Amino acid sequence: MGSVSLKIGDGTARFRRATLCSSAVHLLMLASVITTNLFALYAFTAAPSPSFSSAPSTVPHPGAGVGGGHRNLSVISEHVALIVREIEASERRLHQIERELAGYDTLDPAKPSLPPELRLFLAHHRLPLGRDARSGITEMVASVAHSCSRSPAADLLARYMSYKPAALCPADDPSLPQKLIAKACEPLPRRRCLSRPTAPAATAAPRLPFPRSLWSPGVKNPGAGMYGLDKQMWITPGGKNDFSIDDVLALGSGGIRIGFDIGGGAGNFAARMAERNVTVVTSTLEIGGKPMNEFVAARGLFPLLLSPTQRFPFYDSVFDLVHTLNALDEGGAPALGQASRTEALEFLMFDIDRVLRAGGLLWLDNYLCTDDERKRIVTKLIERFGYKKLKWVVGEKADARNTAKTQVYLSAVLQKPARG
C-alpha cells in the first residue's frame, strides 16, 4: 500500500502511490480468474445432461459416447467464452472507474476549445532519458485538479489561461484565481504572463519596519470589524470561552515555536504570536475581493492562499500549534459537499493531526456549534483522536442578529498524544 507504482493508460502516465482502490481492483480481478477456473473445472467434471443428446432413447449405441463428448465440449466452450467476455467487460469498466478516480480523464489537451497556453501546459512531454525500459512509456503529461474539468470551474480555468505570453496578465478579473481556488480547482497551472501590482506604486503607502508594521502595516485596511485590526483579541478575555495567548503558551511548556492559523483573516493571531517570538503561518482567502494576503504580508507576516478543502502543503509533524476559529465548518465546501457533513470534518481533522507534532497543541477558538447535535459530532470526533483536554469550555453567547437567542460555542486546547 505504501509503495510507488506506475499507472499507464492511453498514452497518459503518472507516477502515483498505490491506493486502497487499486488494491481492491486487483483483488477483484484475482477473484474473477479463480471463479473462471472453478467454472471450467465444474464443466469438465460434471456428468453430461440428457438434454445434450439428440436421440430420445437412453439406450446406448456405438458411437454415442463420441458424439455426446463433442457436443458437451461445444457447450462447455460456449459457457467459458461467455464467462470470459463478462470478465473482460467488468475489467474494462473497473479500469475506466479507476482512471476517473485517479483523474486521468479530467481535461483532454486535444480539445480545440482549450486556450493555447492551457493546451501547452497539459501537452505530453517526452521523458528526458527516453523510453522507460520497465514500463515502456515515453511521455508524461501535466495534471490539474479533477474538479477543474467540471463546470463552471472549466470555463473559469479557460479564462484564467487566456493571455498573451510574456505580456501583462489580464486585468479584467483579478479575483479569478480566488474563484478557482474556492471551487477546489487547485493547484492552478503556472502562467507565462507578467503579474500586475494590486495597487499603483505611486499611491502605495511606504512599508514600516518590523515590528511597527504589525499594527501599522502602512497599507489601506482592506477589511473592517472581525476582518480588520483587533488589538484586544487574546489579550483581554471577554468571557469564559476566550483564552489568552499567554495562558495557552504556558500549556506548551516553552515548546511553542511555529504554528499554523487556519482561516486567519487579517492575521491578528499571527501578529500576537509574533510579539512572543512564535512564527505563525496564516491561511486566508480574498474575502469579498479584498486583498487579504497582501495586507497580511504588509504586516510582516506569512500569508498562505489556501482553501480548507486542499491538503495542507506541509510535511508531517512540523507544527507546535494549530489554531482555528470557524475553519472546521469551511472544510467541507465545495469539494467534499456540504460543510456539515461528518466526512468533510473528518478529512480536515485528520490533516490537522498530520501536520501537528506529538505533544503539540490544537486550539479550537470559539467554534460556533449550530446545535447540540453538531457539538456532539465534533466532541465525538475529537475524542477518537485521543487528544488530552488541557482546556475544554462550552458556553453560550447572545446572537448578534437576535438578542433574544443564544448560540453555543466550544473552546478547547488539546494536546496531541504520542502514538506507536
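Q: Is asparagine 241 buried or exposed in this predicted model?
A: Buried means under 20% relative accessible area, exposed over 50% and partly exposed in between (1.4 Å probe, protein chains only). Asparagine 241 lies in the loop between helix H5 (176-182) and helix H6 (245-251), where helices (H or I, at least four residues) and strands (E, at least two) are DSSP runs numbered from the N terminus. Because its relative accessibility is 3%, asparagine 241 counts as buried.

Q: Which residues does asparagine 241 touch, not counting those up to four places away in sequence?
A: Contact here means heavy atoms within 4.5 Å. With that cut-off, the residues touching asparagine 241 are Asn366, Val393, Val394, Gly395, Lys397, Tyr409, Leu410 and Ser411.

Q: How many residues of strand E11 (residues 406-415) are buried?
A: Strand E11 pairs with strand E9 (residues 356-369) in the antiparallel sense over seven bridges; two strands pair if DSSP finds at least two bridges between them. Leucine 361 stands opposite glutamine 415 in E11. E11 is largely enclosed by the rest of the structure, because the buried residues number eight of the 10.

Q: Which residues are in contact with valine 322, leaving aside its neighbours within four places in sequence?
A: Valine 322 is among the residues with the most contacts inside the largest core. The partners of valine 322 are Phe260, Ile262, Ile352, Val355, Leu356, Leu361, Leu362 and Trp363.

Q: What is the C-alpha to C-alpha distance between glutamate 139 and leucine 127?
A: Glutamate 139 belongs to strand E4 (residues 139-141) and, at 26% relative accessibility, counts as partly exposed. Leucine 127 is 12 residues from glutamate 139 in sequence, and their C-alpha distance in space is 5.3 Å.

Q: What share of the 420 residues in the protein chain is buried?
A: Residues are numbered from 1 along each chain as its sequence is written. Local features need pLDDT of at least 70, side-chain atom pairs count only at pLDDT 80 or more, and totals for chains, interfaces and linings use all residues, while side-chain values use heavy atoms, with hydrogens and water left out. The chain has 10 helices and 11 strands, and its buried share is 37%.

Notes. Core = buried A, V, L, I, M, F, W, Y, C linked by side-chain atoms within 4.5 Å.
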